[in-house]
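Here are my notes on this one, jotted down as numbered points. Have the viewer open while you read.

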Amino acid sequence: MAEAMELPLPAHHLGSSSLIDVSKIDISNIDLDSIHLPPGDDFGIPSDDDVVAEEELEFDSGFGSIIIVDNLPVVAPEKYEKLEIVIRKIFGQIGVIREGGLCMPVDQETKKTKGYCFIEYSTPQEAQTAKDQTNGYKLDKSHVFAVYLFDEFDKYVNVPDEWVPPEIKPYTPGENLHHWLTDEKARDQFVIRAGSDTEVLWNDPRQLKPELVYRRAFWTESFVQWSPLGTYLATVHRQGAAVWGGAATFNRLMRYAHPLVKLIDFSPGEKYLVTYSSHEPSNPRDSQKVALVIFDVRTGKVLREFKGSADDFATGGTGGVSGVSWPVFRWSGGREDKYFARIGKNAISVYETETFSLLDKKSIKVENVMDFSWSPTDPILVLFVPEGGGGNQPARVSLVQIPGREELRQKNLFSVSDCSMFWQSNGEYLAVKVDRYTKTKKSTYTGFELFRIKERDIPIEVLELENKNDKIIAFAWEPKGHRFAVIHGENPRPDVSFYSMRSGRVSKLTTIKGKQANALYWSPAGRFIILAGLKGLNGQLEFYNVDELETMAVGEHFMATDVEWDPTGRYVATSVTSVHEMENGFNIWSFHGKLLYRISRDHFYQFLWRPRPASFLTLEKEEEIAKNLKKYSKRYEAEDQDVSLLLSEQDREKRRQLQEEWDRWVKEWKRLHEEEKALREELRDGEASDEEEEYEAKEVEVEEILDVTEEVLSSYSYE
């Protein structure tokens, strides 16, 4: 921008985008007494009648909400309106542009635009977001936006002629964000939200209570969320999201500007953060506008944006807000964060994070695709396509290798009503739950297609329940294991069956009859499972050992809404959130069902265990530790005994303090008794003794007339 710019006042000062040349105004010809300011607006001119506060107030200069957009197309008058529409469409999605807040200067000689414009938003935050998200925006090959804040303009204009090397600041190492993993007691942390407070606490079952790490009021405006490896705690605000972490406390590490953000999602390796917002359109007949932004977690840099209507992001999946399935983007397995994908109409769009562009510059075309998911460990997609052609084309499940797009396996399915897919955590098995119509089409029954992903040619087994008409209430794989559990039958007392994929074929281990359960929660370490009866079943809990096929304990957390294992599989938290007005709070249990402690909190919103990163131990080392567990456990048994002795000592100290308090109380009452001795003697007519047995009790009857009343009952005359 070599030529000089005409700088308009902000729209809320002028009421329009017109330019004023003050040098052409003759002040001497103006009758100042005839000027009347609009009521309530003194245009910054204080009146003599106004009371000025003594403290100095800081006012917004009015230019913080303005951005300058350079490298716009230079257009003739007949294309001015079209260019303005394009600019409003791009920048209006980020925030509210003030009325008259868009100004594109025009060359007075050529009548063409000058290639730049001024845009004024409602808030400085929206202006900053517009700069961050549109600087470098490619309108076409010849026009790449350069966006500046108006307040920064002087900095770019007044560049010194001579280059001065920047000051080199000494390196200061940051905090160890994984310091919490070095806890000597090997405890886990969790975060809770109750009322306006958010707290991070240690779970300390030895002390039978949590230990506070950090507390902050109004830390978030809606919810908090741990990153998948537990490095960061994310909070959500109207201006965007933020992540926090540290060794001894929680410091803000990065902010991500995204006004009115509603949902966030981390990539599995914590490299990227996806934020989501929706905005009501100006025209009520239009669909809701949606914006998704992908940030680099460490730098806060915007890597890619996706915008459109809610209908564009409503295909496939479950949950979310405003009809949008969440998460919109699903990440490939592992910590590399190499690919992410979304479902669209008749296509799956896979993006690579190296360039954040479509893989091979094109989507995977799949007619009528309804759902998909990634393997938890490998770049393999599983796709579900329902029946087509009026039932003449079968439904199918396909496994596709990325990036080569090679179809590894396909299974055709007939008379399909619905389909759900469940991956085992190691990516070794895939269960596809298939609801099929009966021949009469009046009812459905359920079966499972079980894929052995790691075996040659990916063999598939079919599993049908003994009673094909049983309703499937819940399904869950054992983490890192070969077993799975199914709740089936009719509420309120369905059956629970356990199966194994070992020995080359699926086999049933056992069926437990008539359990009050509607949810399954495996321990992260496998072996143990909780059969939970939530919602209408009032928090029934059964702790079950699948190795021994026996119940370890039965408990209840009345009105429990959530169950969550800690990442080590040692402890379980059950909670009652504010969906219920009463009994809010959480309980901590041992893995075998012993209630350790309970905490009550009013207006309880969230309980989240802090995730742990994967262990660096090899599988062989883990097996060696498990084999020699008694040798390693001696140290911890000694520590447990020390803690037990400490607790006993604490109990003794508490009893001693209570005894001392009692003795002080007795001593005080004896002192008062002695002080009142003379008064007691006086009341006893000089008798000094306080001992009751030295006195003889006599009963004395005292008659006293309390009242005398005369009443004439009747009057008769005898004549």
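1. A definition before the sheet: two strands count as paired if DSSP finds at least two bridges between them. Also keep in mind that this is a predicted model.

2. With that in hand, look at the open sheet of four strands, which runs in the order S14-S15-S16-S17 with antiparallel pairing. Its edges are S14 (263-266) and S17 (302-309), each of which pairs on one side only. From one strand to the next, the twist averages 15 degrees.

3. Inside that sheet, S15 (residues 272-279) and S16 (residues 289-296) run antiparallel and are joined by eight bridges.

4. Next, the S12 and S13 pair. Six bridges link S12 (residues 240-245) with S13 (residues 251-257), and the two strands run antiparallel. Ala241 has Tyr256 in S13 as its bridge partner.

5. On to helix H3, residues 124-134. Which residues of H3 are buried? They are Glu126, Ala127, Thr129, Ala130, Lys131, Gln133 and Thr134. Buried here means under 20% relative accessible area, so Glu126 and Lys131 fall below that cut-off along with the alanines listed. Just after H3 comes another positive phi, this time about 90 degrees, at Gly136.

6. Now the surface. Trp662, Trp665 and Trp669 make a nonpolar patch of about 420 Å². Trp669 belongs to helix H6, which spans residues 629-675.

7. Finally, the whole-chain numbers. The secondary structure amounts to seven helices and 43 strands. Of the 719 residues, 40% are buried. Among contacts with a separation of 6 or more, 46% come from residues 24 or more positions apart. The chain exposes about 44,100 Å², and carbon and sulfur atoms supply 50% of that area.

Definitions and conventions. Residues are numbered from 1 along each chain as its sequence is written. This is a predicted model: local features need pLDDT of at least 70, side-chain atom pairs count only at pLDDT 80 or more; totals for chains, interfaces and linings use all residues. Side-chain values use heavy atoms; hydrogens and water are left out. Patches are made of residues with over 30% relative accessible area and no salt bridge: like charges are joined within 9 Å, nonpolar side chains (Val, Leu, Ile, Met, Phe, Trp, Tyr) within 5 Å. Accessible areas come from the Shrake-Rupley method with a 1.4 Å probe; for residues, only the protein chains shown count as cover. A salt bridge is a side-chain nitrogen of Lys or Arg within 4 Å of a carboxyl oxygen of Asp or Glu. Buried means under 20% relative accessible area, exposed over 50%, partly exposed in between (1.4 Å probe, protein chains only). Contact means heavy atoms within 4.5 Å. Axes are lines fitted to C-alpha atoms, for helices over the stretch in contact, and angles run from 0 to 180 degrees between N-to-C directions.
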